[in-house]
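Work through the following exercises with the sequence and the model at hand, and try each task before reading its solution.

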Amino acid sequence: RKFAHTGSGIGTTHKDLTSSLDLTEKLQVPMHMASTKMQIFHSGKSKCPDEDNRACAKIMEDIAGA
């Protein structure tokens with residue numbers, strides 16, 4: 001289990017999700033799953049700011065109690 005230096009940093013994907021959701025809001029397009037994903041990335045960025053996207057697995061494990 002390696003969560004750092006494996007790919008795209010969590011901050012980069014968080015930025016991309018923010019841009020995408022801003023556009024969908026302007027276009028009035030519902031993006032239910034993307035909004036949920038964004039909340040997971042908010043948590044991941046807070047808990048693991050220096051890790052990669054895979055760190056979001058830790059957030060899901062915490063939610064599931066695993």
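**Exercise 1.** Which residues make up the largest nonpolar core?

*Solution.* This is a predicted model, in which local features need pLDDT of at least 70 and side-chain atom pairs count only at pLDDT 80 or more, while totals for chains, interfaces and linings use all residues. Residues are numbered from 1 along each chain as its sequence is written, and side-chain values use heavy atoms, with hydrogens and water left out. A nonpolar core is a set of buried Ala, Val, Leu, Ile, Met, Phe, Trp, Tyr and Cys residues joined through side-chain atoms within 4.5 Å, where buried means under 20% relative accessible area with a 1.4 Å probe, protein chains only. The largest such core has 8 residues, namely Ile10, Leu17, Leu21, Met38, Ile40, Phe41, Cys56 and Ile59. To this core, H1, H2 and H3 each supply at least two residues; helices are DSSP runs (H or I, at least four residues), numbered from the N terminus.

**Exercise 2.** Determine where the buried residues of H1 lie around its axis.

*Solution.* Begin with the list: Ile10, Thr13, His14, Leu17, Leu21 and Thr24 are the buried residues of H1. They cover an arc of only 100° around the axis, taken from the directions from the helix axis to the C-beta atoms, and therefore lie on the same side of H1. Next, find their partners: these buried residues pack against helix H2 (32-47) and helix H3 (56-64), contact meaning heavy atoms within 4.5 Å.

**Exercise 3.** Describe the surroundings of Thr13.

*Solution.* Thr13 lies in helix H1 (residues 10-26) and is buried, with a relative accessible area of 15%. Leaving aside residues up to four places away in sequence, Thr13 touches Ser8, Phe41 and Asn53.

Notes:
Buried means under 20% relative accessible area, exposed over 50%, partly exposed in between (1.4 Å probe, protein chains only).
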